[in-house]
Amino acid sequence: MKDTFTIAVHSPRGGTGKTSVAINLACAYAKEGRDVCLLDMDLKSPSTFNGMFPYSDKWVNDILDHKKNIQEVIVDGSKSIGSEGSFYVGYSNPDISAIREFSSKDRKWQSDALKELIRSKKNLQKEGFDIVIMDTSPGVDFTSANVVAASDYVLMVVKPNEYCLKNIKQAIDGIYTPLGKKCGIVENMCLNGQSLQMGEKYGVPVLSTIPCMCEVSMQGLSKIFTVEEPSHPFSSAIDRLKGSINY
Ligand SMILES: Nc1ncnc2c1ncn2[C@@H]1O[C@H](COP(=O)(O)OP(=O)(O)O)[C@@H](O)[C@H]1O
Ligand SMILES: [Mg+2]
């Protein structure tokens, strides 16, 4: 069985570009010929939806609720994005009642959910995926910590400002270090492409510095740059990021 590398795309705060990085990176890996599974584990704010991705009415929520296994939930999007490798997606349920229901889960449910996540990871390895990318909720509560716990590597997407530094420390000290997770930082939406080298202080490498680009902001998640415009500066930045993740 080949090794599957699982990346959690996380951030201490919301709106830093996690989902943009997760989608574009997953597609870039698949375009390169890797077999990739992208999971939207941000159950509080479902977002891995894009016009290019296939329709599904099966949700990752059902995996955590012990109603379905991962193979029943993920859908094949390889044709949709024209990738060389296989590309599968698992969505979280955007229905308001599902979001509310998830917000009220207790610790026991969270701990059972972690077991399901680890089982899912093993199943994806059996299915032969090279890379699993899990988009997470921001912050340090159990919903994020579970996804980090089930991953091999954390990609922390931050905006480079002094305010974020405090939150970075909290995520490193509160989650990544206790769980023994390797981590790399992506500084996103950098003014004039400037880096603050925000991980240096904590011994975490800055893998990539992505400038703030109006076009990316305008398009939101409706455009997958690494698929639709591979020579765009955002796609080039994601390609460089891909090259700097060692696994
Ligand atoms: N490098 C960038 N330059 C400009 N806008 C960006 C960049 N990266 C992401 N965005 C925009 O920021 C907003 C939030 O991004 P999103 O990926 O949804 O963040 P998160 O998942 O962390 O909440 C989106 O409108 C997205 O298009
Ligand atoms: Mg998001």
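Predicted model: local features only at pLDDT ≥ 70, side-chain atom pairs only at ≥ 80, totals over all residues.
Colleague: What holds paired strands together in general?
Modeller: Strands of a sheet pair through backbone hydrogen bonds, in either a parallel or an antiparallel sense.

Colleague: In which sense do S6 and S7 pair, and over how many bridges?
Modeller: Strand S6, residues 153-158, pairs with S7 in the parallel sense, over six bridges. The chain passes from S6 through helix H8 (residues 162-179) to S7, and this β-α-β crossover is right-handed.

Colleague: Which residues of S7 stand opposite Leu155 and Val158?
Modeller: Leu155 stands opposite Gly184, while Val158 stands opposite Glu187.

Colleague: And how do S7 and S8 pair?
Modeller: S7 and strand S8 (residues 206-211) also pair in the parallel sense, over four bridges. Within S8, Ser208 is the bridge partner of Val186.

Colleague: Now the ligand. How many residues surround ligand 1, and which are the closest?
Modeller: There are 18 residues around ligand 1, and the closest are Gly17, Lys18, Thr19, Ser20 and Ser217.

Colleague: What kinds of residue make up that shell?
Modeller: The shell around ligand 1 contains six nonpolar residues, 11 polar residues and one charged residue.

Colleague: Which helices and strands each supply at least two residues of the shell?
Modeller: They are helix H1 (18-31), strand S7 (182-190) and helix H9 (214-219). H1 gives the most, with three residues.

Colleague: Let us stay with H1. How far does H1 reach from its first C-alpha to its last?
Modeller: H1 has 14 residues and reaches 20 Å, close to the 20 Å expected at 1.5 Å a residue.

Colleague: Is H1 enclosed by the rest of the structure or exposed, and why?
Modeller: H1 is largely enclosed by the rest of the structure, because 14 of its 14 residues are buried.

Colleague: Last one: what follows H1?
Modeller: Gly33 follows H1, and the phi of Gly33 is positive, near 110 degrees.

Methods. Residues numbered from 1 in each chain as written. Chains lettered and ligands numbered in written order. Near = placed C-beta within 6 Å. Nonpolar A, V, L, I, M, F, W, Y, C, P; charged D, E, K, R; others polar. Pairing = 2+ DSSP bridges. Right-handed = clockwise from strand over helix to strand, strands pointing away. Expected span 1.5 Å × (residues − 1). Buried ≥ 20, exposed ≤ 12 C-beta atoms within 10 Å, placed from the backbone.
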